[in-house]
Amino acid sequence: MVVQLAHEVNQPGENGFADETGETAMAFRELLEQYTREVEAHTRLQRNYDEMQIMVRHQQKMFTVVKQLYNEQVQAALTDAVTGLPNHRAVMNTIEEEIAHCESDSSFTMLFVDIDHFKLVNDTFGHRAGDAVPLEVASRLRTGIRQEDFAGRYGGEEFAIVLAGCDMERASSICERLRASIAEVLCTYEIEETQNIITIPVTASFGVASFRLNGLSRDALIESADQAMYMAKHSGRNRICRAEIPQLAHAEENELLSLIVEAMSPKSAS
């Protein structure tokens, strides 16, 4: 009887062990398939993520390259190719910025520098020497000013310097030092064809104009500095001239004072 019962338990039936084992095996297979699908999905997600990371790094590199090229183009647009100084556009921008930064009691001084007899240098020694001379003058101007000051090539043989926070007296002293640095040391130039080194005497004329005293706008200040520089040219070159105080300002001031005096006089009161 015991043997019969044991045999019945081991036989498949409605509630038998074989049915339970089959269900367990089926459930296990389903779990295994689900796990496999999840692993495959995770693998695909990881692969996609890795590909996206590669694309992000590539885009970052491209952005860095584009930004660098843009900055180089901006720098090139504001730099004189011969001297390496800021060019005319940069000069104009700097003057505007300096005027905007000036408070009611602050000022700055502008210098116009013109190389004397520059056409003669070109005609005598050639255009290569005509590039070497401004390059050397630019180097002396740049090294002769403070770090916070600005030197740029205004055009041709003309340079512009902005001396931040400098009054007329101090600016004139800096001018004299710059003038001497150009005049006292000859420029040298090597002729490529013969490799001969020649010396070229160079001098420069300076015009000095101070913001507020000689002009309240960019154009007025440039005109004052330019006129002072031409005064130096016509006075013999290799010298410094200060801009004259605009006569119109004096006339307007005198007229205003006359009106005030007239208004305060007893005759006007009656």
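## The largest nonpolar core

In this predicted model, the largest nonpolar core holds 31 residues, and Ile 161 and Ile 200 touch the most other members. The elements giving two or more residues to this core are β1, α4 (118–125), α5 (127–143), β3, α6 (168–183), β4 (187–190), β5 (197–200) and β6 (204–210). The biggest share comes from α6, with 6 residues.

What does Ile 161 touch, leaving aside residues up to four places away in sequence? Its partners are Thr 109, Met 110, Leu 111, Val 113, Leu 141, Ile 145, Phe 150, Ala 151 and Leu 178.

As general background, nonpolar side chains in soluble globular proteins tend to be buried together.

## Helix α3

Let's turn to α3. This helix covers residues 88–101, and its 14 residues should span 20 Å at 1.5 Å a residue; the end C-alpha atoms are 20 Å apart, so the two agree. At its start, a side-chain oxygen of Asn 87 comes to within 3.3 Å of the backbone nitrogen of Arg 89.

Which residues of α3 are buried? They are Ala 90, Val 91, Met 92, Thr 94, Ile 95, Glu 98 and Ile 99. These buried residues pack against β1 (108–115), β2 (150–155), β3 (158–164) and α7 (218–234).

## The chain as a whole

Zooming out, the chain has 9 helices and 7 strands, and 30% of its 270 residues are buried. Among contacts with a separation of 6 or more, 67% join residues 24 or more positions apart. The accessible surface is about 18,100 Å², with 56% of that belonging to carbon and sulfur atoms.

Methods:
Residues numbered from 1 in each chain as written. Predicted model: local features only at pLDDT ≥ 70, side-chain atom pairs only at ≥ 80, totals over all residues. Heavy atoms only, no water. Helix = DSSP H or I, 4+ residues; strand = E, 2+ residues; numbered from the N terminus. Buried < 20%, exposed > 50% of the residue type's maximum accessible area, 1.4 Å probe, protein only. Contact = heavy atoms within 4.5 Å. Areas by Shrake-Rupley, 256 points an atom, 1.4 Å probe, with all protein chains shown as cover. Expected span 1.5 Å × (residues − 1). Polar contact = N/O pair within 3.5 Å; in protein donor to acceptor, adjacent residues only side chain to side chain. Core = buried A, V, L, I, M, F, W, Y, C linked by side-chain atoms within 4.5 Å.
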